[in-house]
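Here is a short briefing for a first look at this protein.

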Amino acid sequence: MAARIGISMSKNCPNGDPLTPCFHIHSQTAYASRPLRQVGMTIAIIMLFSAAARGEDKDRVVFRQPNGASIGISGRIVDYNGQTIEIELATSGKQRSFDVGKITKVEYTRSPNHEAGLEALQAKRWDEALRWLDLALDQELRRWVRREILALEVQCLTQLGHYGAAGDKFLTIVESDPDTFYYKHLPLLWTARGLTPDDIIRARQWMESPRAAARLLGASFLINDPQQGDSAAQVLRKLSSHPDSRIMGLARGQSWRMKLRQGQVTDNDLRTWAGQIESMPEGLRAGPYYLLGRGYQSTQHPLRAAQAFLWVPLVYDHDTQLAARACLEAAHALISAGQTKQGQTLLREVTTRYADTPFAGEARAGLKDARP
């Protein structure tokens, strides 16, 4: 009797890395009874998947040398995380590990679905990008590339306002790579936002997690919650002295939301906040700069507020929604300070550069009101 052989892939293996897919081979007959041709076909398929997992296409990594010169190495990237990149050299087959701080460029082959998702994301077609990236994730076997795809999905979900789903995907990245360099996409809330019942349940669970990133996310969601706000504030206070500078800096920034809500911001607070921002990793400064601008607004320093707000759209603009809002508030701050022309220029910037955000309509209204 001919055997029916099937191979299926699941997205992660039990008790293993959450980004390592597993293959399952199943048949209705014992392996030994299969015709030789089918056994050979099965082995060939397994080898094909294994080759895909190894990444047969040659990757290339460019490093910066101590003298400032660059050198490129070709081979197969085995892993690429927040600390090191491991590459199997094409010349010798040996594996070498390098500090990611020395890397200036990484070249590798993306799947067509991955490329399509990236193209849609860059065009701000978030829903379309998610569809392509989901397909790419289903097909991708390299753990480090799967982390990149998940980070792209986090960006799309954040821009669509699906912060809970974005948080779940981000925490999958952290579980696979605690030192991930994707922390700038951690979907924290920097402005007041309505939460769904599912978001609240999810955030409560996050605050009980042993992972600091999850607790930070949960506290960010619940800091304004009437029932959970005190617990969230306590979590932020503890995380504000966390040994990981990323967690520490973001937790401190999130805690500023409480003072802003309570109207208790002082000039001394703002000097402290500005100094803390300067000590944060570069990629994590967008939300804190936005809150610094809010603080200057609340203490009647509109020009300083505009300056702080503008750091977001001009330098740290990876969150399109936050960048658009910051640009809009910078415009209002300038107009309130008597710099009407400069403020109107920023309003026009919002209507063009951020035309796909809700803030474009508010900017158009502001321009209309300013007409004589």
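The protein exposes about 18800 Å², and carbon and sulfur atoms supply 51% of that area. Accessible areas come from the Shrake-Rupley method with a 1.4 Å probe, and for residues only the protein chains shown count as cover. The model is predicted: local features need pLDDT of at least 70, side-chain atom pairs count only at pLDDT 80 or more, and totals for chains, interfaces and linings use all residues. Residues are numbered from 1 along each chain as its sequence is written, and side-chain values use heavy atoms, with hydrogens and water left out.

**Overall make-up**
- The protein has 15 helices and seven strands. These are DSSP runs numbered from the N terminus: helices are H or I with at least four residues, strands are E with at least two.
- Of its 372 residues, 48% count as buried. Buried means under 20% relative accessible area, exposed means over 50%, and partly exposed lies in between (1.4 Å probe, protein chains only).
- Take contacts between residues at least 6 apart in sequence: 50% of them join residues at least 24 apart. A contact means heavy atoms within 4.5 Å.

**Cysteines**
- A search of the whole structure finds zero disulfides, a disulfide being a pair of cysteine sulfur atoms within 2.5 Å.
- Cys-156 is buried, at 0% relative accessible area. Cys-327 is buried too, at 2%.

**Nonpolar core**
- The largest nonpolar core has 102 residues, and Tyr-183 and Leu-216 have the most contacts inside it. Such a core is a set of buried Ala, Val, Leu, Ile, Met, Phe, Trp, Tyr and Cys residues joined through side-chain atoms within 4.5 Å.
- Helix 13 (residues 320–336) gives the largest share of this core, ten residues.
- Beyond its neighbours within four places in sequence, Tyr-183 is in contact with several residues, including Phe-170, Ala-213, Arg-246 and Leu-284.

**Helix 14**
- The buried residues of helix 14 are Gly-343, Gln-344, Leu-346, Leu-347, Val-350 and Thr-351.
- Seen down the helix axis, these buried residues fall within an arc of 160°, so they line one face of helix 14. The arc is that of the directions from the helix axis to the C-beta atoms.
- The face turned away from the buried side carries exposed Lys-341 and Thr-352.

**Glu-153**
- Glu-153 lies in helix 4 (residues 143–159). Glu-153 is buried, with a relative accessible area of 0%.
- Leaving aside neighbours within four places in sequence, Glu-153 is in contact with Leu-130, Leu-133, Asp-134, Leu-137 and Lys-169.
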